[in-house]
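Morning, everyone. One structure today, and a quick walk through it. Have a look at it first.

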Amino acid sequence: HKKFNQKFGLCHTLLLVGAWSQAKETMDKLPKFAAVSEQPVVEAMCKLIHVLIEPIYRQYSSKAARGRPYPYKLSTGPEQCKVFGDLTDCVFPLLFNLGPYLSFDPILMAKVIRVGRTFLKENPNVTGQDKDVKLLAVWNGLIELVDQVLFPSLSLLECNPSIAEEVWILLKAFPYNIRYCLYGRWKNQSYNLHPKLIDARAKTIKKAKYIAKRLSKENVKQSGRQIGKLSHSNPGVLFEYILSQIQKYDNFIGPVVDSLKYLTPMSYDVLAYCIIEALANPEKERLKLDDTNISEWLKSKLLFV
């Protein structure tokens, strides 16, 4: 039985004592995310990351967000992060191995986002002419972290607006072309990489269909709040479905526009990306067969915009 799997037990014990390199060797021999799908292993990994980022988090976070010192301590194991350059040594590899399972610990997720946000604030020109190799590695690592860890983890968190807002504050420090590239990978690729993410996408589409069937001018407020809740975790999937319905039904546009007032800034940003992606779709004909009139789908989309 999985609960008594000795390989998972070995990973768990090694992580508890801080032996990350030995635990990683064992985990690399197993299928991807197999070890972290076990609750004791993911708990031990989260504890280890909490300990490693504690000094840098307490140094740069506000007093209100700092809270009490993390109680768990290690006598051995990797060095704690005291400067931003230390993040690439152990913290980022640990997070990449966690992947979407960072959603298990939303507090740790918020801490990681705040550390990344502070780094971008302190180093706004890290990609400029005077490049510091270590800082550039952290900047690239953060982009990879958003792509492989934060977005998939956010997809598994059902309606957590505070984490979604934290992610947006981190994201808006990046140029729009990087943000849109990340949105594209999140919407079109990330959901195919893990069974839990496939399930999250299916549930989002099911809920979106339920809301769309009942959306009208009379219940815009209630439906708008439901759309807002869905958009916190899986905005790309939600807006792709809504835009597909707008193309089919013109009378759907008015209620949808009224209901979108409950969206967060990140949801609006993802919506803008989804509209651009839909308009740029090369498989869609922009003109009718007579080549003189605009296609109905494009008319509906332009009316919505």
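Predicted model: local features only at pLDDT ≥ 70, side-chain atom pairs only at ≥ 80, totals over all residues.

The overall picture first. The protein chain has 15 helices and zero strands. It runs to 305 residues, and 49% of them count as buried. Take the contacts between residues at least 6 apart in sequence: 71% of those join residues at least 24 apart.

Now the core. The largest nonpolar core holds 93 residues. Which members touch the most others? Tyr183 and Met266. Among the contributors, helix H3, residues 39-60, gives the most, with eleven residues. And where does this core sit relative to domain 1 and domain 2? Domain 1 (6-174) and domain 2 (195-304) both give residues to it, so the core lies between them.

Zoom in on Tyr183. Set aside residues up to four places away in sequence. Tyr183 then touches Phe151, Trp168 and Leu171, along with Met266, Asp269, Val270 and Tyr273.

Last stop, Leu15. Leu15 lies in helix H1, residues 6-16. Buried or exposed? Leu15 has a relative accessible area of 1%, and under 20% counts as buried, so Leu15 is buried. Beyond its neighbours within four places in sequence, Leu15 is in contact with Trp20, Ala23, Val41, Ala44, Met45 and Leu48. Look at Ala44 in particular. Leu15 and Ala44 are 29 residues apart in sequence, yet 5.8 Å apart in space, C-alpha to C-alpha.

That's the tour.

Methods:
Residues numbered from 1 in each chain as written. Heavy atoms only, no water. Core = buried A, V, L, I, M, F, W, Y, C linked by side-chain atoms within 4.5 Å. Buried < 20%, exposed > 50% of the residue type's maximum accessible area, 1.4 Å probe, protein only. Helix = DSSP H or I, 4+ residues; strand = E, 2+ residues; numbered from the N terminus. Domains from an automatic or database assignment. Contact = heavy atoms within 4.5 Å.
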